[in-house]
Amino acid sequence: MTYPLPDNEDERLDALHQLQVLDTAPEDAFTRLADIAKAVFDVEFAGISLLAEERQWFKAACGWAITETDREEAFCAHVVADGEVLVIEDARAERQFADLARRAGEGEDAAEEEALQFYAGAPLTIEDSLHVGTLCLADDAPRSFGASERAVLVALANVAADLLKARRRNYEARYLSSALEQVDEAVVITEAEPLEAPGPEIRWVNQAFAGMTGYSPDELRESTPRLLYGADTDYETLERVRDALKEGESVRAESVYYRKDGTPYLVEWGVAPVRDAEGRLTHLVSVQRDITEEREQQSELEFQATHDTLTGLLGRAALETAVQDLLDSADGETGALLYLDLDRFKQVNDTLGHAAGDKLLKEVADRLRGAVREEDRVARLGGDEFAILLPSVQAPESATQVAERLVEALRAPVEVEGRDVFVEASIGIVFGAGPYSSAASFIRDADVAMYRAKNVATRSIMRHEQAMTEELGARFRLDADLHRGVEQSEFEPFFHPIVNLEEGTLHGFEVLARWRRNTGEIVTPGNFLGVAEETGLIVPIGHQVIEGACQVLNRLQAAHDGDWTVSLSGNFSRYEFFRPETRTFVDDVLTHYDIAPEQFTMEVTERAIEGNGAENWEEVEALRDLGIRMEIDDFGTGFSSLHSLLEFPIDGLKVDKALMDELERGENGRELVRCVVKMGRTLDLTVTAEGIETTEQLKALREFGCPLGQGYLFSKPLPAGALEALLKETPWQVHWTPAIE
């Protein structure tokens with residue numbers, strides 16, 4: 001390589017290629033400048049050359065038909081390498097350039113006899129020290145070139161460099177414009193001033209911006225962004241944006257704008273100032289994105305996360321947040337929470353279906369909303385349970401008045417599936433945030449009060465008292481103890497003798513559940529039955545007791561060589577009597593302990609059989625197919641239905657102790673018991689009298705012809721270990737003497 005290289009050759013070449021000008025078509029501006037240079041200096045040739053890796057290429061050439069030369073034959077290579085004006089007045093007199101002048105004159109378009117004698121070139125400087133080419137002059141005769149001429153040449157070279165830079169800016173602008181047209185975001189470029197009304201004029205928008213606003217690019221150009229303002233546009237936000245731009249800062253914001261058709265939309269946008277080479281603010285560039293649908297989806301997701309999808313009310317989590325806010329901010333003497341549960345809602349679902357139940361819940365939600373103030377918060381906690389937060393209630397009485405208004409609002413019937421459904425509710429109230437630090441405890445106590453109201457027949461509204469929570473805590477502890485008791489098989493059978501009242505002989509035993517706790521304490525069902533039924537533990541408890549009784553009876557029968565047989569009566573709760581699994585359990589336990597089905601009687605209360613449908617009767621028939629007996633327990637306790645007695649496939653009645661007490665209170669009581677016994681015998685049912693405690697009661701029952709009886713007059717319920725002694729002593733036989741016959 002015989003030509004010189006500048007120190008920054010790689011960087012210079014990068015700058016040249018970024019101009020995107022090599023090998024492009026002629027352009028009038030460059031051609032006119034070359035013509036001007038040729039005329040001003042009265043030379044044969046003037047050109048604008050660009051020096052590439054291995055060649056010199058002319059963007060404009062005036063005087064000689066030349067487009068490019070090898071770089072090693074170019075005087076311009078020396079101008080670019082030195083970065084200064086190069087003048088060769090007589091190339092033949094310059095030993096360094098004589099041969100180069102001769103070869104330059106022998107270019108493909110030059111006459112053979114011509115030789116380049118004069119050359120002057122000034123560098124085209126794009127940036128500091130980045131010289132990409134020259135503005136050059138040439139002639140076939142020597143000539144002088146003074147300082148003033150050098151200055152003019154430099155000035156023209158600077159004009160050529162400016163043309164190149166302008167061309168690059170135009171190219172970059174076109175490239176940027178093309179690129180911005182392809183992006184999804186809307187882009188708008190405005191003047192920098194004025195920031196105050198009427199605002200800076202819009203100079204350019206891409207199609208995305210036009211499509212977002214509904215205006216055409218022509219409609220937007222030379223208007224201002226105020227064209228998009230409307231009633232809901234946040235002018236305070238725009239003022240903050242203007243203040244930031246005045247300080248020359250980039251800024252981001254959100255605003256409501258309006259499309260050409262008047263539709264509002266939410267836009268997220270950023271705007272940045274653009275400055276010229278001297279640092280003057282010239283334009284503002286804003287990139288914008290329509291986030292209306294995104295925010296609507298976000299709002300919908302947030303609504304779904306905080307609201308009940310069926311009713312549109314707040315959900316439990318949102319209520320807990322609102323309650324906690326109240327507890328954190330209240331002075332302790334205000335605020336109340338109402339916990340509401342619909343009565344008999346399950347019957348609607350079971351009778352009319354879940355769609356009807358959903359319609360009822362929606363109507364209830366609408367009525368609750370309509371019965372409270374806008375500031376009050378109504379929530380659905382799940383199922384048929386609702387809560388109403390009254391954040392500014394000042395007195396307990398005021399909360400009670402709201403509860404009464406809610407009960408009244410629900411009183412009118414709701415038409416569901418062509419039927420009028422009447423809704424009643426139980427409401428628990430907690431007033432005052434003072435004693436509470438957590439939303440969970442506040443809501444819990446309202447729930448406790450509601451539960452108490454639901455279980456008090458004369459009240460539908462109940463304010464919370466501390467004793468209620470203490471009672472609930474005791475119930476939770478009992479629940480835990482019951483679970484542990486079931487796991488450790490702490491439930492065992494006690495046996496209450498059933499006596500043949502005609503002969504004074506043992507007929508059998510009623511099996512009663514007892515809980516022998518690990519402390520040795522024996523607990524009767526009255527102390528745990530309610531919780532056991534609520535938790536479903538009554539089923540495994542009943543199974544433990546019945547199986548234990550069958551095991552004892554099997555052992556007793558074996559001890560008497562099989563020539564001794566008595567019946568066994570077991571109590572079954574309404575939660576297990578109609579379950580298909582119950583038949584399997586009874587069949588398995590009787591088979592395992594070799595007890596004849598006719599020896600086993602299942603006892604169930606009147607309340608358990610009341611209102612059960614045909615599908616439940618099928619389960620009863622399946623039990624009867626085992627060959628066992630069935631009796632109605634506690635007959636006469638207020639839930640009697642003679643129709644049910646006729647429908648239910650029973651073998652006997654057990655007359656409740658409450659009727660036994662009436663025997664000694666007057667003739668009406670005697671007649672009542674007499675009628676019950678007579679009715680049972682007429683229906684071919686075995687009648688067993690419970691709770692016999694006096695000889696007078698025994699005498700009357702024998703007079704009425706009651707066949708069986710049990711009570712403390714004969715024996716208390718006994719554990720399995722006491723049965724052998726009981727069978728030997730037969731204490732009830734003392735009452736079968738001529739004195740009472």
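Just after α15, Ser489 takes a positive phi of about 55 degrees. The model is a predicted one, in which local features need pLDDT of at least 70, side-chain atom pairs count only at pLDDT 80 or more, and totals for chains, interfaces and linings use all residues. Residues are numbered from 1 along each chain as its sequence is written, and side-chain values use heavy atoms, with hydrogens and water left out. Helices (H or I, at least four residues) and strands (E, at least two) are DSSP runs numbered from the N terminus.

Helix α15 covers residues 466–487; at 1.5 Å a residue its 22 residues should span 32 Å, and the end C-alpha atoms are 32 Å apart, so the two values agree. The expected span here is 1.5 Å times one less than the number of residues. The buried residues of α15 are Met468, Thr469, Leu472, Gly473, Leu478, Leu482, Arg484, Gly485 and Val486, where buried means under 20% relative accessible area, exposed over 50% and partly exposed in between (1.4 Å probe, protein chains only). These buried residues pack against α14 (439–454), β18 (461–463), β19 (491–500), β20 (505–516), α16 (529–535) and α17 (538–559).

The loop between β18 and α15 holds His464. His464 counts as buried because its relative accessibility is 17%. Leaving aside residues up to four places away in sequence, His464 touches Ile429, Val430, Tyr436, Asp445, Val448, Ala449 and Thr469; contact means heavy atoms within 4.5 Å.

Next come the aromatic rings. A search of the whole structure finds 15 aromatic pairs. Rings of Phe, Tyr and Trp (its six-membered ring) pair if their centres lie within 6.5 Å; planes under 30 degrees apart count as stacked, over 60 as edge-to-face and the rest as tilted. Phe495 and Phe509 form an edge-to-face pair, 5.8 Å centre to centre with 80 degrees between the planes. This pair links distant parts of the chain, since Phe495 is in strand β19 and Phe509 is in strand β20, 14 residues apart. Phe495 and Phe509 are buried. The ring centres of Tyr257 and Tyr265 are 6.3 Å apart and their planes are at 75 degrees, so this pair is edge-to-face. Both tyrosines, Tyr257 and Tyr265, are buried. Ring pairs link Tyr229, Tyr235, Tyr257 and Tyr265 into a cluster.

The largest share, four residues, comes from α8. The lining has 16 nonpolar, four polar and two charged residues. Here Ala, Val, Leu, Ile, Met, Phe, Trp, Tyr, Cys and Pro count as nonpolar, Asp, Glu, Lys and Arg as charged, and the others, Gly among them, as polar. The volume of the largest cavity is about 340 Å³. On a 1 Å grid over the protein atoms alone, a cavity is a set of points where a 1.4 Å probe fits but cannot get out, and a pocket is an open set with protein on both sides within 12 Å along at least five of seven lines; lining residues have an atom within 4 Å of a point.

The second largest pocket has a volume of about 960 Å³. Of its 38 lining residues, Glu510, Leu512, Pro525, Asn571 and Asp633 lie nearest the centre.

How values were computed. Grid points are joined across faces, edges and corners, and a volume is the space filled by probe spheres set on the points.
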